[in-house]
Amino acid sequence: MSKTRDTRNSRTTSSARGAGGTGRRASRPPRTPPRVVIERVEPVLDGGRHPVKRLEGDVLEVSANVFKDGHDLLAGRVLARPPGGRAWRRFDLAHDWDVDRWRAAVPLDRIGLWEFTLEAWPDAFGTWADGLAKKAEAGQDVASDLLEGAELVRAAAARARRGSRVARALAAAAGLLADRAATPDRRVAAAIDPELREAMAVHFDPALVTRHETTYRVRVDRARAGCAAWYEMFPRSQGAAPGEHGTFATAAAQLPRLADLGFDVVYLPPIHPIGHTKRKGPDNALVAGPDDPGSPWAIGSEEGGHDAVHPALGTLADFEAFVRRAEELGMEVALDFALQCSPDHPWAREHPEWFFLRPDGTIHYAENPPKKYEDIYPLNFWSDDRESLWAACRDLLLFWIERGVKTFRVDNPHTKPFAFWEWAIADVQRRHPDVVFLSEAFTRPNRMKGLAKLGFTQSYTYFTWRNTARELREYLTELAGTEMAEYFRPNFFTNTPDILNEFLQAGGRPAFRVRLLLAATLSPLYGIYGGFELAENVPREPGSEEYLHSEKYQLRWRDWDAPGSLDPDIRRLNRIRCEHPALRQLRNLVFHEVENENVLFYHKWADGPPRDDLLVVASCEPGGVQEAMVHVPLADLGLGPWEPYEVEDLLTGERWTWHGVRNYVRIDPAERAGHVFRVIRPGDGA
């Protein structure tokens, strides 16, 4: 027998199944659906997983797409909460009508971790007032509209603080809008009065507000975290005479010289006791003599570990005096933080479980096959007792912070867990938000970027190996002109105890001048390793980047007054950096055309008053004279096509009058590495 469909309850069945006919119960409409869309918030890093970075005194430019259905006007604001604050600060969003992009400026006046989010709402009163004005202008009857506006204003008066001047003013305005005895012109004038609109903008209906679903973070650091000149010094090499082991006291005698050169940070390699077991000899020899000092990175002996100082350098009190002397001279001390131990470190005896243990119970030394580093034991950050190890490493940072250290150069952080650094840095900076961490990670790009994102304040870079004009343009465009600039602060070291690159080896003193000029003007953070000013460039062997008689393994006495020192260049560049805010920023870098592939030409500027415009011309070839025509960005400088203007070379004080776009430059690296031109417009004065 055939079956027929019973349609008596078809309407009920259809409703129960829902519009899609899936057999599921229809969902209820959301109780408080969002009225406004807020999307594409900037600046945001990895969807808010990591904070973006700024400096104290910066203004955070927040932007987002904000829109809704229909034709209502919108209003919105950024909510920003400073570190340790409970209340949100509010900053009104301004609308770019062409693209539905809204923006607000948030002054960052405190260091630490900030939070921000956005909220927006339909501007009911603004929409009504604009419509009323158009109707009134067209001569239409607005009697009913005025009554609607009166209700809006009356509701706002109820939201204002009872008895306040604003509440009374709003109530009076509502009464006037509803007063049929008043003339229409008077009522309309009251409705569109700017003061009423301002009061209504403050006392909007909170039920209409849509809060963005995500709260983002901004890490705000002190100014020196983003702009500083670093100098690396081995205290043990600062003896009063050749062969004499230096102390904190003799090293302190060098601090006035470094302050006079304009350095901001004096970085010390490890100052701790050095192990005896498998100690390295000169030039990384596997066997040390009885008087060889060993590598400072083989940390720990019977005299103590990471919380002790090498007795030959002095005492903890002597170190604290060194720090105070640097501060008196306007500098600060950065300390190396190298989480590794010599076989003689107290931890090797007290906590063998913190290391990598072999099946026979011995501790595994460091290796990079076929190389062996038998004077160093790496720590096992994933050991069964990792929580105690992580806390002990964090406590070392707190120990040195108590002794005046605000900056740490972290040795090889990419060989330790990223999770450890994210926890440790955040924990330290919660207590001491002014502490700076420099990541010494010459590794793959994603690892370097990852360390910067998770909390490292500054980062070493590939600058040391970027030597041609093309390489530098490409690399700096990435650092300063992409998302990297939101979180990655590059510190351009010209050289390190491990890196004497081929450019310096082959180019001699002119090459040192070239790299100094580039480092000091391309990045607001740069550094040199001591000996750079004497143009030391002899490698241990051909093809090696190791210095001959490397200071890592022996004392290195130097005559700082030797002829040919680069001190005048260093002093002049550091003074220019201090005097010109254009060189104290990273993102304000634009490369421009130059008719010579060996020359870089770039513009850096800072808004005033007064405006600071610098044009830098730098040779990337130390071997001979370079001539070029540079193409000046006249429009960016506010100059007309044929308007004469002056450029002053801040390196020499010379001045030239230029005309138009194309202008001639000549660079002889034996005399100078380039030009740092200050642009002087007609009417600027001297």
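What does the accessible surface of the protein chain come to, and what percentage of that surface belongs to carbon and sulfur atoms? The surface comes to about 32,200 Å², and 50% of that area belongs to carbon and sulfur atoms; the areas were computed by the Shrake-Rupley method with a 1.4 Å probe, with only the protein chains shown counting as cover for residues.

This is a predicted model, in which local features need pLDDT of at least 70 and side-chain atom pairs count only at pLDDT 80 or more, while totals for chains, interfaces and linings use all residues. Residues are numbered from 1 along each chain as its sequence is written, and side-chain values use heavy atoms, with hydrogens and water left out.

**The whole chain**

Begin with the C-alpha trace of the protein chain, which spans about 105 × 85 × 70 Å along its principal axes. Colour by secondary structure next: the chain has 17 helices and 30 strands, taken as DSSP runs numbered from the N terminus (helices: H or I, at least four residues; strands: E, at least two). Of the 686 residues, 53% are buried, where buried means under 20% relative accessible area, exposed over 50%, and partly exposed in between (1.4 Å probe, protein chains only).

**The open sheet**

Select the eight strands that form an open sheet with parallel pairing, in the order β20-β19-β18-β13-β12-β11-β22-β21. The edges are β20 (458-459) and β21 (491-493), each of which pairs on one side only; two strands pair if DSSP finds at least two bridges between them. Within this sheet, β13 and β18 (residues 407-411) run parallel and are joined by four bridges. Pick F337 to find V410 of β18 opposite.

**L335 in β13**

Now select L335, which lies in strand β13 (residues 332-337). Is L335 buried or exposed? L335 counts as buried because its relative accessibility is 1%. Beyond its neighbours within four places in sequence, L335 is in contact with L268, I271, F319, W400, V405, T407, F408 and R409, contact meaning heavy atoms within 4.5 Å.

**Helix α9**

Just after α9, select G330, which takes a positive phi of about 85 degrees.

**Strand β8 and its partners**

Finally, move to β8 (residues 112-122), a mostly covered strand in which nine of the 11 residues are buried. Strand β4 (residues 74-81) runs antiparallel to β8 and is joined to it by eight bridges; G76 stands opposite A120. Strand β10 (residues 216-221) is also antiparallel to β8, with five bridges, and Y216 is the bridge partner of F116. Strand β9 (residues 210-211) pairs with β8 in the antiparallel sense over two bridges. Return to A120 to end the tour: its bridge partner in β9 is T210.
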